[in-house]
Amino acid sequence: MYRLILLCITLLSVTLISAQDYRWQQRAEYTMDVRLDVKTHKVTGTQKLVYYNNSPDTLHKVYYHLYFNAFQPGSMMDVRSRTIADPDGRVTDRISKLKGDEIGYQRVQSLKQDGKDIHYHVEGTILEVTLAKPILPKAKTTFDMKFESQVPVQIRRSGRNSREGIAYSMTQWYPKLAEYDFQGWHAYQYVAREFHGVWGDFDVKITIDPTFVIGGTGKLQNPDKIRHGYEKAGTKVSRPSGELTWHFLAKNVTDFAWAADPDYVHEIALVPDGPEVHFFYQPGEKTTENWTKLKEYTVKHFQFMNKTFGKYPYDIYSVIQGGDGGMEYAMCTLITGERSLSSLVGVMAHEVSHSWYQGVLASNESLYAWFDEGFTDFSADESMASILNEPNDHSGSYNGYFALVRSGLQEPMNQHSDHFTTNRAYGTSAYSMGAVFLHQLKYIIGEANFYKGMLRYYNTWKFRHPEPIDFIRVMEKTSGMQLKWYLSYWVNTTKRIDYGIKNVLSDTDATFVTLERVGEFPMPIDLLVTYADGTTELFYIPMNEMLGNKPAESTTQSRVELETWPWVNPTYTLKINKPVKSISKLEIDPSMRMADINRKNNLMELSAEMKAYEDPTRK
Ligand SMILES: [Zn+2]
């Protein structure tokens, strides 16, 4: 018995080790002690970084991001923003006009590896460090850095003096180690968009003028000492005369962001069985009323997300007025605050949902923006539809995709987010097409499998940087269907879905319906037949790549499962055992979850005398 147990333990540990070897991940433990001078807008301080190399590779170099360097005339971000066909209105040529005391920079003053000075070189927003001693597999090293930064005038996301008058939006504000994984280094020059980071812990001390209130990632460790901003609403606490040091801790995150303003009010709402949600905003005519109402929606949104997509794992989250729109960070978001209630609730829902996909799953949003933004958009829409009791059809996302197809600007969505030719193609691919990817997956595998799979995906891959194939594998295991074709067509190509009803032929007691695959993208087909007596029947045609059938989604709708449609076949004929005079309507995909670019040929109304029919709208 003992031997058997020992054997089992040995086998189990072998399995665990090989699983880790296959998908290892690096780890970074940051300890930062910084001071922000609110007169010069400069941050000075120290950063101690303990880096664990869990890869099988010996590392001779490491790379850091120095994001603030993007906010300088002539930077790659400046050039990109001035030359892209459809520039972001918040950026345009603003970087090119920054003066010396308005630009951003991050300067390394000294850098040591395990106590020894090391060589480094800065190129734009990337710091390349040549190690004195290579980091062996499974070894760790400690970097000690002194740095100075100038906080730029707010151009995009980070910076000082936002349009709404928030003093400091401190995001991507520290030298941040680039991620290294099985694909190598992810040290991309910052030109506009998404971020990626190394899993780890942050212990951050920020010293600032005592009139400022700070909201940020993680949990404040010394609220008793700080008090200001953390007192009950309406009460005034006398401010200390010297500067204050705010001490935050955040464990198992990939980033640390914060914002500071002297006017912030600080309020808290509790999610039952969920996190404490902290709100920081400037009170006023354009904010107070809506931010007061926002709390209730935020609590409901967390409850919906916890139940539907998996439990938020941290005990705190902060919604902070700052930035220039809405942007997700670890355990917090910065959003602009002077919005209508519906806009404020919408941006909160989107950014909070990011905690699941960018925060906890933390897939590489630079490489697969759709895998984060699309999932975020989708889950936030599902939640809002549930809370506001609205239809859950994601029609906005579908319409965005159809409009992109019509514009002729569509590009494959699986490309580095910075490299899309236009902002429009990036935006629609990442957000709308990412959301359609999921709603359409419901159509393929059925609603019950879909929601089961979403929970399983989150619980399997949280804190592990999943890749798109990892998601699809979970969905394959949950549904028992093969789905790689779907991932490949939707994200790697611009092939489109278009199915149509080609013709209807009638016998004395049977009707033959021929369907046609007009587009190149193969899909399973739901065909709803409405009979003259008002009853309906759903004909389900699986596509052969799926190696399985979608289970019936409704217990009340009668359904006929037909033979598979091989994906190479341009047409498919099915037999309905009734004469044509007893059929009144045929409709492909009545649930409208298939992103069919031409729905005109999906529907056919039949009249009693009709014996044969050629759809005149078909080309
Ligand atoms: Zn987003």
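Student: H350 and H354, are they buried or exposed?
Tutor: H350 is buried, and H354 is buried as well, where buried stands for under 20% relative accessible area, exposed for over 50% and partly exposed for what lies in between, with a 1.4 Å probe and protein chains only. Please keep in mind that this is a predicted model, in which local features need pLDDT of at least 70 and side-chain atom pairs count only at pLDDT 80 or more, while totals for chains, interfaces and linings use all residues. Residues are numbered from 1 along each chain as its sequence is written, and side-chain values use heavy atoms, with hydrogens and water left out.

Student: Where do H350 and H354 lie?
Tutor: Both lie in helix α5 (residues 341-360), four residues apart, about one turn of the helix; helices here are DSSP runs of H or I with at least four residues, strands are runs of E with at least two, and both are numbered from the N terminus.

Student: And what coordinates the zinc ion?
Tutor: The zinc ion is held by H350 through NE2, H354 through NE2 and E373 through OE, at 2.0 to 2.1 Å. Along the chain these donors follow the spacing H-x3-H-x18-E, a donor being an N, O or S atom within 2.8 Å of the metal (3.2 Å for Na, K and Ca), and sites may look incomplete since water is not among the atoms.

Student: New topic: how many salt bridges does a search of the whole structure find?
Tutor: The search finds 29 salt bridges, each a side-chain nitrogen of Lys or Arg within 4 Å of a carboxyl oxygen of Asp or Glu.

Student: Which residue does K251 pair with?
Tutor: K251 forms a salt bridge with D201, with 3.8 Å between the closest N and O atoms. This pair links distant parts of the chain, as K251 is in strand β17 (residues 244-253) and D201 in strand β14 (residues 200-208), 50 residues apart. K251 counts as exposed because its relative accessibility is 53%, whereas D201, at 15%, counts as buried. Both belong to a network of salt bridges that links R27, E29, D201 and K251.

Student: What about E382, which partner does it have?
Tutor: E382 forms a salt bridge with K442, the closest N and O atoms being 2.9 Å apart. E382 lies in helix α6 (residues 369-388) and K442 in helix α8 (residues 423-445), so the pair ties together parts that are 60 residues apart in sequence. Both E382 and K442 are buried.
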